[in-house]
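Please look over the sequence and the 3D structure below before reading on. The briefing that follows goes through the model topic by topic.

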Amino acid sequence: MIKLNQNHLKLRSNYLFATINQKINEFKKNHPDVVDQIIKLGIGDVTRPLPRVCIEAMIKASEEMSHTETFRGYPDYEGDSYLIDAIVNKDYLPKGVNIDRSEVFVSDGAKSDTANFQELFDTDVKIAVSDPVYPVYVDSNVMAGRSGEFKDGRWTNITYLDATEQNGFIPKVPDEKVDIMYICSPNNPTGQAFSRSQLKAFVDYAIENNSLIFFDAAYEAYITEPDIPHSIYEIPGAKKVSIEFKSFSKTAGFTGVRCSYCIVPKDIVIKDPISKEEVSLNKLWYRRQATKFNGVSYITQRGAEATFSDQGQTEIKQIIRYYLDNASIIKSALNNVGFTTFGGINSPYVWVKTPNGMLSWQFFDYMLEKLHIVGTPGVGFGKCGEGYFRFTAFSSRENTEKASNRIANHKFGN
Ligand code: PLP
């Protein structure tokens, strides 16, 4: 008899965005007259086209693939050297961070990397996640068998670090001993980013407690304020305790192309209590990737490399400015009608407190029915997200302005 992986069965069957789509479809069926008016500011997917410089690099790479002399087959598991060089010299060096080439692992997405990295650890390790946060961290650990039961909106055996209005949606370090902490800054969904001192507290905790930090910096390029670290390695000691995840998705519009990278410092050595060995995490991750991942396509990596060229940086800054201006338009519209908002300054996400104590899903229904605007219920990102709602800035300017005008002209609260 075939038995299923019970850990996979534990995950609730409804995926947040599937539920949202279901609700939209139902609404469309019942209100065919307003179908054209629906504006989606929900899912975190980009809408601006790829930078021209990336397209040109990918066309050139495709052409190379068509000639015997320049054709390439399987790429290296860890990424091609020209892209790794660009990451080391153009991403990290200007931040004052020295990364060795062998510490860079190019991949097909920060989703897969943040979901897969936990595989290197025993099912007994204690993980902590900020709440609310990108659901992949929790779900991948549930699939790996690290959770207990789902009770009252949370898994037992997982430590949740509350991010609330009281702490500005930046959680405090755990008050118990944990082995691995997931931090996302700037955060999806709250749009809030850790300051240097807030991040230092986590690095210090990790050093003191022999813990690790999985630092998801997928939205790093959106940081506009001066005291916000762009990389966890800007914090002294972080290289001994942190893995950093980066992505071209939200920076350069690569959500459909797929390319990312993570940094696994060679300084991280785990004294394994079972084998009694001292094991390099870098070597272990290389081994894992070599077995389960066959690299990112040459064409994609050339496109990603082009983002680091002067022209690429100029084009990317324009794209990010476009989204940040969208964020500012939505945030102002909401603030002007009396909402309390967070994020939207160092992030493409605007996080809103629902009016009159409405639950997140009630507000979802309200926005869809009354204003025909789709956002994401905060509770879908964790228990602390209840009573909040996420708008993304990734829509077109036209739709963002239309949605903002509707908000500005609506009387909320009835
Ligand atoms: N990390 C965070 C925090 C995200 O919000 C997302 C996507 O929404 C990802 C990672 C996924 O990035 P990628 O497209 O590189 O898989």
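Asp152 and Lys383 form a salt bridge, with 3.1 Å between their closest N and O atoms, where a salt bridge is a side-chain nitrogen of Lys or Arg within 4 Å of a carboxyl oxygen of Asp or Glu. The model is predicted, so local features need pLDDT of at least 70 and side-chain atom pairs count only at pLDDT 80 or more, whereas totals for chains, interfaces and linings use all residues. Residues are numbered from 1 along each chain as its sequence is written, and side-chain values use heavy atoms, with hydrogens and water left out.

**The two domains**

- The domain assignment, which is automatic or taken from a database, divides the protein chain into domain 1 (6-49 + 312-408) and domain 2 (54-309).
- The C-alpha centres of domain 1 and domain 2 are 25 Å apart, and the contact (heavy atoms within 4.5 Å) takes 35 residues from domain 1 and 48 residues from domain 2.

**The interface**

- The size of an interface is often given as the accessible area lost when the parts come together.
- Domain 1 and domain 2 bury about 3400 Å² between them, with 59% of it on carbon and sulfur atoms; buried area is the accessible area (1.4 Å probe) that two parts lose on being put together, summed over both.
- Two salt bridges are found across the interface of domain 1 and domain 2.
- The interface of domain 1 and domain 2 also has 19 residue pairs in polar contact, both residues being at pLDDT 80 or more; a polar contact is a pair of N or O atoms within 3.5 Å, where within protein one must be able to donate a hydrogen and the other to accept it, and residues adjacent in sequence count only if both atoms are side-chain atoms.
- On the side of domain 1 that touches domain 2, the elements giving two or more residues are α1 (6-10), α11 (310-336), β13 (341-343), β14 (349-353) and β17 (388-392), where helices (H or I, at least four residues) and strands (E, at least two) are DSSP runs numbered from the N terminus.
- Of these elements, α11 gives the most to that side of domain 1, with six residues.

**An open sheet**

- Four strands make an open sheet in the order β13-β14-β17-β16, with antiparallel pairing; two strands pair if DSSP finds at least two bridges between them.
- β13 and β16 (376-377) stand at the edges with a single partner strand each, so one side of each has no neighbour in the sheet.
- β16 and β17 run antiparallel and are joined by two bridges, and Phe389 in β17 is the bridge partner of Pro377.

**Salt bridges in the model**

- Side chains of opposite charge can pair when their charged atoms come close.
- The count of salt bridges comes to 23.
- Arg101 forms a salt bridge with Asp85, the closest N and O atoms being 2.5 Å apart.
- Arg101 lies in the loop between α4 (81-92) and β2 (104-107) while Asp85 is in helix α4, so the pair ties together parts 16 residues apart in sequence.

**Backbone details**

- A cis peptide bond joins Ser185 and Pro186, with omega about -5 degrees, and Pro186 is placed in the loop between β7 (180-184) and α7 (196-209).
- A cis peptide bond also joins Asn188 and Pro189, with omega about 20 degrees, and Pro189 lies in the loop between β7 and α7.
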